[in-house]
Amino acid sequence: MKSKIDVKKGITVFLFLLPGLALFVSILIAPIAVSVYRSMYDWNGFSEGTFIGFANYIELFTNGSIKFMTGLKNSMILAFFSVFVQLPFALFLALLLGRKPKKERAFLSIFFMPVLISTVVIGQLWLKIYNPDYGLLNRFLDAVNLGDWKHVWVGDVKTALGSIIVPTVWQYIGYHMLLMYAGVKGVSTDLREAAMLDGATPWQVDRYIVIPVIKPIIRVSVIFAVTGSLKTYDLVRILTEGGPFQSTEVPSTLLENMLFLRNRYGMGSTISVMLIILCFAFALLITAAFREKDE
């Protein structure tokens, strides 16, 4: 009798989960499966494709004209600055706001504002800042007698990638700050007060109590920062379009190039599959790294 009841409960649970499962499969699993299937073909998006197995994957890493390794290197550089510049600054702001300063909510809104602004607007704003003729950056250099440093910032191979990194890091500081701020506010006040009574300074409390408690949130921010760098597209597209001379290409701009300019839908699917694999792999590696530190 009990087994029959358990079966009925199992069926009931499955029926309730079925709509969500169907949505998950149709939106996430099915497109990935189609991309994997298409990546095995030489296909222009219109005529019937030719099955070529793993030839697209081999070409992706061996054909220098595709620039996939260049795009991957640029994404890794962006990930480096996101993890070691963006996140520490976001953590610093979160810890400061966690001490309940005056106008706490006002500062929180100000720091989070860039996240709310459309990336297209952010891109256009920084294009104006970088403009070699009337841009704010070159005018500032003139004002402080550093006119020799004036530059065509997004048009020079040496500075184009840095010109993308700066607004990308700036825009999402508030996003990670808000995640960490929520964790900081969740730390028990009893722990803080006990440490202060024992003579700990506010920074010691942050270092030895608050940061260890919010480590799971820091891990999530690191995963978001790295995978977001791998998937970055919009600011690169607006600021440089992958140039000059493909020096700022990232996997997403290469994907667009393959699909809409070269009509190589098979290769485009290959790049998308590699992005999925890389994001998943880095998420697992970061999770494992944090787990080892906890042990």
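**Salt bridges and a buried threonine**

Arg264 has a relative accessible area of 23% and is therefore partly exposed; this class lies between buried (under 20%) and exposed (over 50%), using a 1.4 Å probe and protein chains only. The model is predicted, so local features need pLDDT of at least 70 and side-chain atom pairs count only at pLDDT 80 or more, while totals for chains, interfaces and linings use all residues. Residues are numbered from 1 along each chain as its sequence is written, and side-chain values use heavy atoms, leaving out hydrogens and water.

The side chain of Arg264 meets that of Glu59 in a salt bridge, with 2.9 Å from N to O. Glu59 belongs to helix H2 (residues 55-62), whereas Arg264 sits in the loop between helix H12 (251-261) and helix H13 (265-294), so the pair ties together parts that are 205 residues apart in sequence. Glu59, at 21%, is also partly exposed. Helices here are DSSP runs (H or I, at least four residues), numbered from the N terminus.

With a salt bridge defined as a side-chain nitrogen of Lys or Arg within 4 Å of a carboxyl oxygen of Asp or Glu, the count is six. One of them links Asp142 and Lys150, whose closest N and O atoms are 3.1 Å apart. Asp142 is partly exposed at 40%, and Lys150 is partly exposed at 36%. Another joins Glu241 to Arg237 at 3.3 Å, N to O. Glu241 counts as exposed because its relative accessibility is 56%. Through shared partners, salt bridges connect Arg237, Glu241 and Glu256 into one network.

Thr159, in helix H7 (residues 157-185), is buried because its relative accessibility is 17%. Leaving aside residues up to four places away in sequence, Thr159 touches His151, Val152 and Trp153, where contact means heavy atoms within 4.5 Å.

Note on methods. Helices (H or I, at least four residues) and strands (E, at least two) are DSSP runs, numbered from the N terminus.
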